[in-house]
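Biologist: I would like to learn how to read a model like this one. Could you take me through some features, with the general idea each time and then the case here?

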Amino acid sequence: QWLSDRKKRALQKKDVDIRRRIELIQDFEMPTVSTKIKVSRDGQYIMAVGTYKPRVRCFDTYQLSQKFERCLDSEVVTFEILSDDYSKIVFLQCGRFVEFHSQHGHYYRTRIPKFGRDFSYHYPSCDLYFVGASSEVYRLNLEQGRFLNSLQTEASESNVCDINPVHFLFAMGTAEGKVECWDPRTRNRVGLLDCALSSVTADTEIEGLPSISALKFDGALNMAVGTSTGQVLLYDLRSSNPLIVKDHHYGLPIKSIQFQHQLDLIISADSRIIKMWNKDTGKIFTSMEPEHDINDVCLYPNSGMLMTANEAPKMNIYYIPVLGPAPKWCSFLDNLTEELEENPESTVYDDYKFVTRKDLENLGLAHLIGSSLLRAYMHGFFMDIRLYHKAKMMANPFAYEEYRREKIRQKIEETRAQRVQLKKLPKVNKELALKLIEEEGEEQQISKKRKQKNLPSLLKDDRFKVMFENPDFQVDEQSEEFRLLNPLVSKISEKRKRKLKILEELEAQGQEEEEEPEGKASDAESSESSDDEKGWVEEVRKQRKLLRQEEKLKRQERLKEDQQTLLKPQFFEIKEGEEFRSFKDSAKKQKLMKKTLEDRLKLEEKLGTLNVSDTTVGSKQATFKLKKSEQQRKQQEAEKLHRQERKSLRRSASQLKSRRGRGRLFH
């Protein structure tokens, strides 16, 4: 804003962003806010409505400028272009008015009974269908010039509507989250979709009942529905379940839904973001988040151009070459996009330095606040970069000397790092740590040759830190598993033990470690590896022999302990209600458990506790009778006696009653 005209012209030569700015259509804006934007069917005219004052503007794409502007009495809710050009337009306004415009201007104005929210035009019958704050759908016939019988729906209110361009099915979205489909020929409802239940999935969180905020048909069978909670549902008209549910994750009502057929994309928009996603998989293609809130989105037919109506004067135009070619009236965009370079160029602020108030005090320039040399911006100021460098040199004349010393110190530290350093090993698993250090050194040499990245060390990893601190994680080299799995570990461990002794001595003396002696020749190393391969089997055999001897010694010790111990008699208590028979029952049970399943089933069949039969399908059916314990048997016998006593009491009572009755009769 505060740059001079000369500076702006100079920047235009340097700055790529400024050179990229193209004003496709002159004065493509509204005074305050734009609410709706549409393209005529011939593609020549772009029409937009907005405020303030309420107006409609028509832009001619062939002339790249505004064709006309008409002011209206009230704000426009939505509008529709009935003809191929701008000659027939219908506006639905806030005050229940429906206004018709012809080529010359205002033509006719009428009113509907309730406030309207959306309308659709049925081309075969020339009917306008209005939905709004009512359960009725009002029909206005443009051929006869009169209202027809309205459609009575189950909804309390309706928000949006649309007519299928193929078979002319009329669909309307209600405030209860349902979509009602009507046949205009019979004026009967042919379908009902409950989108509110389908929109709620495991990942979504909603506070209230979702209502329908957007509706759009695609071909004869597909329909997309947008909800007030930010979900988009794609339906096949032959199914009541959605094919896919896409959540915007903003919780804002869906404002617009468009279909892009070349890449099979759905372009859905709420007031904050425009998302493009694949209609088959739901995968995001791209998204755009403009600076201002979005009111409407219009996709120019058969192209990659996108226009938005915003809560700002400027109406945005986006061109995405991947979606399609540029329209024929701006075909030069294809050439421009090919010439654009992706390399970053200088920006407006390259010649200026941003400084805070504290920086100015350090530089001794606090007295310049309020002068033309400093431009206030956010929490600081912009100043000329040349003035900043001069002030810094004067404030700190020894800056170069400090920079030189810092560089020398860094070089000295690099040379120190190349020296042999004393390795501090952990207290636990010292041999394992030494092994890891050796392996890490070898891997570093290999990675340097192959030019690969070094992998992180286990010693520096916090996840394995406890392994070298807690003594519970100490590796037991005398265990059987370790000795059998590592038969050649003994030779390598001897070398490591020597190194450990040397390191411990150096730590005790506090002296620096000298350079290590040179290793053996390559021939000696190869012979050593061959000896290791030959002696591997012998080492395993030795370890096994030692393990067998240790096992024999352990057995002998156990036998001695058993001979010394004296067996004491054990007493067992029998539970109440159980009878002690003999120890033979347990022996029988053990014998039964040793037998096969077939033998056990045969025994149970003989006893009558199992019944096996063939079914009609060809499989086997087995029924079991559970054995009853002594307590259960006694309980059943007591129940039987109780029943018999009750029966006898009932009989005696009935006999007494009959006798009394006879006595009264005789009396």
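**Reading the model, feature by feature**

Modeller: Let us start with Lys53, which is found in the loop between E2 and E3. Such labels are DSSP runs numbered from the N terminus: helices are H or I with at least four residues, strands are E with at least two. This is a predicted model, in which local features need pLDDT of at least 70 and side-chain atom pairs count only at pLDDT 80 or more, while totals for chains, interfaces and linings use all residues. Residues are numbered from 1 along each chain as its sequence is written, and side-chain values use heavy atoms, with hydrogens and water left out.

Biologist: Which residue does a cis peptide bond join to Lys53?

Modeller: The partner is Tyr52, and omega of that bond is about 10°. Tyr52 also sits in this loop, between strand E2 (45-51) and strand E3 (55-60). The peptide bond from Thr51 to Tyr52 is cis too, with omega near -10°.

Biologist: Now the whole chain, please. How many helices and strands are there in the chain?

Modeller: The chain has 14 helices and 32 strands. Among its 667 residues, 33% count as buried, where buried means under 20% relative accessible area, exposed over 50% and partly exposed in between (1.4 Å probe, protein chains only). Take the contacts (heavy atoms within 4.5 Å) with a separation of 6 or more: residues 24 or more positions apart account for 44% of them.

Biologist: How do I read a sheet?

Modeller: Strands of a sheet pair through backbone hydrogen bonds, either parallel or antiparallel. To count as a pair here, two strands need at least two bridges found by DSSP. An open sheet is built from three strands in the order E25-E26-E27, with antiparallel pairing. Strand E25 (294-299) and strand E27 (316-319) are at the edges, each pairing on one side only. Neighbouring strands of this sheet are turned by 20° against each other on average, direction ignored; the axes are lines fitted to C-alpha atoms (for helices over the stretch in contact), and angles run from 0 to 180 degrees between N-to-C directions.

Biologist: Over how many bridges do E26 and E27 pair?

Modeller: Strand E26 (residues 305-310) pairs with E27 over four bridges, in the antiparallel sense. You can find Leu306 opposite Tyr318 in E27.

Biologist: What about aromatic rings?

Modeller: A pair of aromatic rings is described by the distance of the centres and the angle of the planes. Rings of Phe, Tyr and Trp (its six-membered ring) pair if their centres lie within 6.5 Å; planes under 30 degrees apart count as stacked, over 60 as edge-to-face and the rest as tilted. The count comes to ten aromatic pairs. Tyr300 and Trp329 have ring centres 5.9 Å apart and planes at 65°, so they are edge-to-face. This pair links distant parts of the chain, 29 residues apart: Tyr300 is in the loop between E25 and E26, Trp329 in the loop between E27 and helix H4 (332-339). Tyr300 is buried at 8% relative accessibility, and Trp329 is buried at 10%. Elsewhere, Tyr45, Phe68 and Tyr86 form one aromatic cluster.
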